[in-house]
Amino acid sequence: MSNPKIIAVIGATGAQGRGLVEAILSDPHGAFRARAITRDANSEAAKALKAQGAEVVEANLDDPHSIRRAFEGAYGAFCVTFYWAHMSPVKEITHIQNMAQAAAEAGLEHVVWSTLEDTRKWIPLSDDRMPTLMGHFKVPHFDAKGEADRFFVNAGVPTTFLLATFYWDNFIHLGMGPQKTEDGALAITFPMGQEKLAGIAAEDIGKCAYSLFQGGQQYVGKFVGIAGEHCSGDEMAQQLTQALGQTVRYQAVSPEQYRGFGFPGADDVANMFQFYRDFSQVFLASRDVEVTRGLNPHLLTFSKWLQKHGGQIPV
């Protein structure tokens with residue numbers, strides 16, 4: 001294309017954004033080019049994207065003017081937040097409002113916003129089956145995103161609402177991989193009972209987002225859920241056993257036990273898994289694997305992801 005349209009990618013060096021930038025760069029004759037937005041243009045990850053051909057621009061979600069400048073002249077933008085960097089739903093909501101306002105002011109024609117459900121629509125604050133956190137939320141990192149969807153709608157921004165899910169990469173980076181139990185065996189531990197977990201490779205999220213931009217107006221105003229596979233805890237343990245060459249079992253615990261693990265955000269994560277478990281039919285139905293494969297024909301199953309990345313899982 002002689003005049004490719006610019007897609008500005010928030011969080012371009014992160015799990016979701018990097019996948020989108022790489023998808024754009026790997027399609028050099030496509031209709032788009034990548035503007036990688038990052039907080040630090042001098043980071044090694046940012047320099048690597050620049051070397052691959054991306055335009056790199058600095059912006060900070062705390063600074064609305066920097067986001068507006070980063071969106072200037074772009075056709076569209078991929079918007080994502082960084083909840084686990086601050087763990088403040090109030091800050092998260094502000095960041096989302098800043099992005100929506102900047103997108104409206106820049107006149108963007110298509111935004112793909114990586115969001116999640118507001119779980120309070122299914123389990124209100126008055127429902128004591130799940131503890132209320134911070135006085136206003138059930139699953140703060142979900143609820144803040146879902147609550148803030150309205151900013152894009154109210155600002156009149158043509159938006160596709162991309163519903164992501166559990167990253168299998170969490171087995172590598174967030175300590176959710178197999179751990180030694182008291183008897184010396186390896187186990188993965190979730191408060192999911194026997195319900196299936198919708199998971200996806202982080203790199204596939206960006207590839208799906210690229211297809212949404214390619215699809216254009218047909219996706220505006222729609223919620224599109226994605227997943228690479230729906231697996232039970234036992235199924236994941238079996239596949240981990242095959243990939244790692246060591247026996248891994250699934251250890252089911254209660255949400256109360258999981259909250260008691262005490263790591264930063266344990267209560268939020270435990271409530272997330274409880275939502276996955278208690279509303280599994282709703283959650284899984286909104287993340288159809290075949291729909292996802294239609295967006296990304298090279299979609300990784302859990303076993304394929306393990307073949308590619310299993311060696312990075314610390315055991």
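# Helix packing and a pocket

Helix α5 (residues 140-154) and helix α10 (residues 266-278) cross at roughly 70 degrees, and their axes come within 8 Å of each other. The model is predicted, so local features need pLDDT of at least 70 and side-chain atom pairs count only at pLDDT 80 or more, while totals for chains, interfaces and linings use all residues. Residues are numbered from 1 along each chain as its sequence is written, and side-chain values use heavy atoms, with hydrogens and water left out.

Helices are DSSP runs (H or I, at least four residues) numbered from the N terminus. Axes are lines fitted to C-alpha atoms over the stretch in contact, and angles run from 0 to 180 degrees between N-to-C directions. The helices α5 and α10 are therefore roughly perpendicular (65 to 115 degrees; under 35 is roughly parallel, over 145 roughly antiparallel, and the rest oblique). P140, H141 and F142 of α5 make the contact with D268, M272, F275 and Y276 of α10, where contact means heavy atoms within 4.5 Å. These residues comprise five nonpolar, one polar and one charged; Ala, Val, Leu, Ile, Met, Phe, Trp, Tyr, Cys and Pro count as nonpolar, Asp, Glu, Lys and Arg as charged, and the others, Gly among them, as polar.

| Helices | Angle | Axes |
|---|---|---|
| α3 (residues 64-71) and α4 (residues 89-106) | about 40 degrees | 9 Å apart |
| α8 (residues 233-244) and α13 (residues 302-309) | roughly 30 degrees | within 10 Å |

From its angle, the pair α3 and α4 is therefore oblique. The crossing of α3 and α4 is right-handed, that is, the near helix is turned clockwise from the far one by less than a right angle. On the α3 side the contact involves P64, I67, R68 and F71, and on the α4 side N98, M99, A102, A103, E105 and A106. Seven of the residues in this contact are nonpolar, one is polar and two are charged.

Helices α8 and α13 are therefore roughly parallel, and their crossing is right-handed. M236, Q239, L240 and A243 in α8 meet F302, S303 and L306 in α13. This contact contains five nonpolar residues, two polar and no charged.

The second largest pocket has a lining formed by L116, E117, D118, K121, W122, G146, D149, L163, F223, V282 and S286. Five of the lining residues are nonpolar, two are polar and four are charged.

Key: Helices (H or I, at least four residues) and strands (E, at least two) are DSSP runs, numbered from the N terminus. On a 1 Å grid over the protein atoms alone, a cavity is a set of points where a 1.4 Å probe fits but cannot get out, and a pocket is an open set with protein on both sides within 12 Å along at least five of seven lines; lining residues have an atom within 4 Å of a point.
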